[in-house]
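Dear colleague,

Please find below the sequence and structure that I am handing over to you. My findings follow directly after them.

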Amino acid sequence: MLDTSKDTNLLDIRGVCRSFPKGSGEELLVLEKVDLTIRSGEIVGLLGRSGSGKSTLLRIIAGLVSPSSGDAKCRGETIVGPPNGVSMVFQSFALFPWLTVLQNVELGLEALGVDSAERRKRALAAIDLIGLDGFESAYPKELSGGMRQRVGFARALVVHPDLLLMDEPFSALDVLTAETLRTDLIDLWIEGRLPIKSVLMVTHNIEEAVLMCDRILVFSSNPGRVAAEIKVDFPHPRNRLDPAFRQLVD
Ligand code: ADP
Ligand code: MG
């Protein structure tokens, strides 16, 4: 269940730099001295221009890319490879087209060594939670974009992650589909039914960030670093049960 204690630093990013070879022998510095802390219970937004290194930062946190220098820690331990308790939702869904919805979601549990009966049980629960009941045997190509991203969410949620990374999760969807999925997620949050502790969400959409986040980090570009931080003062979605807030969301 949700842990709203803000004592634990779930994530500590200190002075993280990352460059990539440009081809001409030169290096492109994408991230320069990024500092970022996420405590348990927080929902943090990351806003910034295209190409500013937001996805690279998320990949570093997910253990898919290593920093060139600096220290990235999850629960006090330097991140080397995908950390337990961190999962990611991708802009482009990143589903395996040759696997069914159920098989795609079960993949989220692969690394945990969960036996197959338990895997199926947990995957079905995640599929049901995210509103895909009845589509377990469908293949991604048979689903709409919104439903495909729901599969992406189910696969990320199935491990009950401490930290859910979302990389522009709604930006490949049309406006109405994005709105529906966002509202469904906010509803699950409000009801305390999302099995996550903290979120780091990349978005281009300021309204979305204000609606969903406790804190918004603004990224500079060339190179990327955290240039500003905005605290969102009105109550967090989880606590916004009052009708006045509902009007904002609906
Ligand atoms: P954002 O998500 O903010 O749009 P990215 O992190 O995707 O930014 O990319 C930042 C910059 O790093 C871009 O110029 C991109 O081309 C470059 N980049 C990202 N990954 C690689 C890679 N594996 N090799 C070379 N360049 C990369
Ligand atoms: Mg990106």
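Helix 4 passes helix 5 in a right-handed crossing. Please bear in mind throughout that this is a predicted model. Two packed helices are described by the angle between their axes and by the distance between those axes. For helix 4 (residues 145-157) and helix 5 (residues 175-190), the angle is about 35 degrees and the axes lie 10 Å apart. On the side of helix 4, the contact is made by Gly-145, Gly-146, Gln-149 and Arg-150, which meet Thr-177, Thr-180 and Leu-181 of helix 5. Sorted by class, this contact comprises 5 polar residues, 1 nonpolar and 1 charged.

The residues around ligand 1 include Phe-20 and Val-30, together with Gly-48 and the run Ser-50, Gly-51, Ser-52, Gly-53, Lys-54, Ser-55 and Thr-56. By class, the shell holds 7 polar residues, 2 nonpolar and 1 charged. Helix 1 (residues 54-61) supplies the largest share of this shell, with 3 residues.

Helix 1 is itself mostly covered, with 7 of its 8 residues buried. Lys-54, Ser-55 and Thr-56, which belong to the shell around ligand 1, are among the buried residues of helix 1. Leu-57, Leu-58, Ile-60 and Ile-61 are buried in helix 1 as well. Just after this helix, Gly-63 adopts a positive phi of about 75 degrees.

With kind regards

Methods. Residues numbered from 1 in each chain as written. Chains lettered and ligands numbered in written order. Predicted model: local features only at pLDDT ≥ 70, side-chain atom pairs only at ≥ 80, totals over all residues. Near = placed C-beta within 6 Å. Helix = DSSP H or I, 4+ residues; strand = E, 2+ residues; numbered from the N terminus. Nonpolar A, V, L, I, M, F, W, Y, C, P; charged D, E, K, R; others polar. Axes fitted to C-alpha atoms, helices over the stretch in contact; angles between N-to-C directions. Left-handed = near helix turned anticlockwise from the far one by under 90°. Contact = placed C-beta atoms within 7 Å. Buried ≥ 20, exposed ≤ 12 C-beta atoms within 10 Å, placed from the backbone.
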